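Okay, everyone, let's get going. Have a look at the model on the screen, and I'll walk you through it.

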Amino acid sequence: MASRRAIQVGGAAVGVGAVYYLYAAGGNPSVAEKKLEHDVSAAGARLKGQDLSANEAQKKGEVLAKEAGATIDRTVDSVRGEVKHADQVITAKMHEAGSKLDHLKDDGAKKIDAAYKDTSKELQQTADTFDKTVNKKTAEAKSGISSWLGFGGK
């Protein structure tokens, strides 16, 4: 059980370390790999340069692990901050787009309503003109027929 837990913790540390080096390299895997190789080489050189006992080496490793953990924590916090900011920007842009869509929808409805009213008014005017013309022509026709039949004159 303890070895399983150690493997899980070690795997998580490797994953976080990979993310750290990838982030520090600006997303370029080859640069991240070279930086990791440099850091491992530098750590090995530091340990080789000193004659350390097992306890001292363990303490030194713990110190280095704490420093690496702190760096990783700062990187994770920075990424979280950037993600939070991006989320806020996205939310604001979505709200802005929704407002613009509502405005366009309302504006479109107003234009359709105005066009409907204008068309109705024009149609009513055309119908009135047609009715007047028909009534006038009917009256003229009645007058003409009446005069033919001798019922009256113009």
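pLDDT is the predictor's confidence in each residue, on a scale from 0 to 100. For the protein, the mean is 80, and 77% of the residues reach 70 or more.

Keep in mind that this is a predicted model: local features need pLDDT of at least 70, side-chain atom pairs count only at pLDDT 80 or more, and totals for chains, interfaces and linings use all residues. Residues are numbered from 1 along each chain as its sequence is written, and side-chain values use heavy atoms, with hydrogens and water left out.

Now, what is the fold made of? We have three helices and zero strands, and reading along the sequence gives α-α-α. Helices here are DSSP runs of H or I with at least four residues, strands are runs of E with at least two, and the numbering starts from the N terminus.

How much of this is buried? Buried means under 20% relative accessible area, exposed means over 50%, and partly exposed is in between, with a 1.4 Å probe and protein chains only. The accessible surface comes to about 12900 Å², and carbon and sulfur atoms own 61% of that. Those areas come from the Shrake-Rupley method with a 1.4 Å probe; for residues, only the protein chains shown count as cover.

There's a nonpolar patch on that surface, about 240 Å², made by Tyr23, Val79 and Val83. For a patch, residues need over 30% relative accessible area and no salt bridge; nonpolar side chains (Val, Leu, Ile, Met, Phe, Trp, Tyr) are joined within 5 Å, and like charges within 9 Å. Tyr23 sits in helix H1, residues 2–24, and is partly exposed at 36% relative accessible area.

On to the charged pairs. Side chains of opposite charge can pair when their charged atoms come close. The rule for a salt bridge is a side-chain nitrogen of Lys or Arg within 4 Å of a carboxyl oxygen of Asp or Glu. That gives five salt bridges, and I'll show you some of them.

Take Lys111 and Asp107, whose side chains meet in a salt bridge at 3.7 Å, N to O. Why can you find these two about one helical turn from each other? Because they are four residues apart in helix H3. Lys111 is exposed, at 56% relative accessibility, while Asp107 is partly exposed at 29%.

Next up, Lys117 and Asp113: their closest N and O atoms are 3.5 Å apart in another salt bridge. Both lie in helix H3, four residues apart, so again about one turn of the helix. Lys117 is exposed at 52%, and Asp113 is partly exposed at 38%.

Then there's Lys137 with Glu140, a salt bridge with the closest N and O atoms 4.0 Å apart. These two are three residues apart in helix H3, which means about one helical turn between them. Glu140 comes out partly exposed, at 42%.

Last stop, Thr138, also in helix H3. What does its side chain reach? The backbone oxygen of Val134, at 2.6 Å. Thr138 is partly exposed, at 36% relative accessibility.

Note on methods:
Polar contact = N/O pair within 3.5 Å; in protein donor to acceptor, adjacent residues only side chain to side chain.
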